[in-house]
Amino acid sequence: MNNEDEFFDAVTAATKNNQYSFSFIYNLHICIVLHVGTLKRCVCMFMNGKPFFCPLRSSLPAPMFSRNDFSIWSILKKCIGLELSKITMPIVFNEPLSFLQRISEYMEHTYLIQKACSQSDSIQRMQTVAAFAVSAVASQWDRTGKPFNPLLGETYELTREDQGFRLISEQVSHHPPISAFHTESLTGDFVFHGSIYPKLKFWGKSVEAEPKGTITLELHKHKEAYTWTNPFCCVHNIILGKLWIEQYGTVEIVNHSTGEKCVLNFKPCGMFGKELHRVEGYIQDKSKKKCCMIYGKWTECMWSVDPQVYEAHRKLEKKGTTDTRKQKQEEPEAVNEDADEMPDVQETVAVIPGSTLLWRISSRPPHSAEMYNFTNFAMTLNELEPGMEGVLAPTDCRLRPDIRAMENGNIDEASSEKERLEEKQRAARKERAKDDEEWSTRWFQLGTNPYTGSQDWLYTGGYFDRKYTDCPDIY
């Protein structure tokens, strides 16, 4: 009997004994199972031919560092209005994840894509895709730590058979910094891909991220392709006060097969904070007729409702607001030049009667605030499970020593390793320039997005064949 037979026998026996329920296989001899009693995901491996189970972590090895004793004003005061990708920031303001790993958090709510695949009506599919587009940025709520800039050639892979997908991403350009990703369904239902070029600018009190790059979702069963770009993200009080995040801007999701479009308005918080985190929009058919309205908060939930019901509710809402203002004169708000105070979070989303829930955010672990405000999904992204080191590409983020040191609570080692890696990258770039050699990407190539006609980095395939002999030495 070989190890695979032993593996399946072990899982079958454990399931029959009501100890574990089979969830998925990882690289033949590693699987993820669900412990029925504790509802914890576990890794099953073999040692001397016998299976053993190891729970996946639900927290990081060490809590985050306090940033109270650090000031970045001396670095940023000369950068107002400038692009920040070339500015080296103190490592204490990072979180122990690479930007490539941050991108993989788009997939936390993959069930929404699977739901869209199963829906027969195109407007319903658009509603679900819109909910997925909002959910993809929801993990940024309170995530004020900066992810590590990926090194040129850095990669990240993530296989989640419990959610039915596998992802590969690569840093395809350093200046400008461009990250390309490709996610595919394990059953062939969908492909989700894109390339992200986050332009960062410092505006005195805040840092704004402009999410350049197109995101594409293809639903194979329906022969449909959707494209969109993410909203702007702004981190307030970089210099003084409590850090807080808002997202704003218009997101247009286009179904290139049917001509239907969803327009989502991520609202800025406004003077009195009443619009903080709010998202409102609509879906229109190819004749530009509004088919439904969508509303909610990107930090909480999204709902859909009939346009006539929505407009009637808004009229009543405005009438009530007008009456209230007549009864009580609002006092002007004092101007605070020291910090952009985060507005008090308003009441949860007021649900309009007749609305349908599209998505609700997953709750975070109770110790999330001590762990960089990570979600449960993010908590596992840098975990180096037993046996993985021999399987991963040598360029994978999990093998990056500065991120690993920071995750383990050693900030001095993390800082020195980050400096070493950056210097190694600079030296390699000088060598290529001396030899007049161009950098060659490994898993993606620059091409044309077939739906938008714009430039895009497209996956060339082959990563999961596990042939990594020609991967660059970047660590």
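Let's start with G213, which sits in the loop between strand 11 (206-212) and strand 12 (215-219). Helices (H or I, at least four residues) and strands (E, at least two) are DSSP runs, numbered from the N terminus. This is a predicted model, where local features need pLDDT of at least 70, side-chain atom pairs count only at pLDDT 80 or more, and totals for chains, interfaces and linings use all residues. Residues are numbered from 1 along each chain as its sequence is written, and side-chain values use heavy atoms, with hydrogens and water left out.

Leaving aside residues up to four places away in sequence, G213 touches S195, W228 and T229, where contact means heavy atoms within 4.5 Å. A180 is 33 residues from G213 in sequence, with 9.5 Å between their C-alpha atoms.

## Helices 4 and 5

Next up is a helix pair. The axes of helix 4 (residues 111-118) and helix 5 (residues 122-135) come within 9 Å and cross at roughly 170°. That makes helix 4 roughly antiparallel to helix 5. The axes are lines fitted to C-alpha atoms, for helices over the stretch in contact, and angles run from 0 to 180 degrees between N-to-C directions. Under 35 degrees counts as roughly parallel, over 145 as roughly antiparallel, 65 to 115 as roughly perpendicular and the rest as oblique. On the helix 4 side, L112, I113, K115 and A116 meet R125, T128, V129, A131, F132 and S135 of helix 5.

Helix 5 is mostly covered, with 13 of its 14 residues buried.

## Helix 9

How far apart are the end C-alpha atoms of helix 9 (residues 411-434)? They are 35 Å apart, which agrees with the 34 Å that its 24 residues should span at 1.5 Å a residue. That expected span is 1.5 Å times one less than the number of residues.

The buried residues of helix 9 are I411, A414, E417, K418, L421, Q425 and R432. They pack against strand 6 (146-148) and helix 8 (401-407). Just after helix 9, D436 takes a positive phi of about 55°.

## The whole protein

Stepping back, the protein has 9 helices and 22 strands. Of its 475 residues, 49% are buried. Among contacts between residues at least 6 apart in sequence, 60% join residues at least 24 apart.

Technical notes:
Buried means under 20% relative accessible area, exposed over 50%, partly exposed in between (1.4 Å probe, protein chains only).
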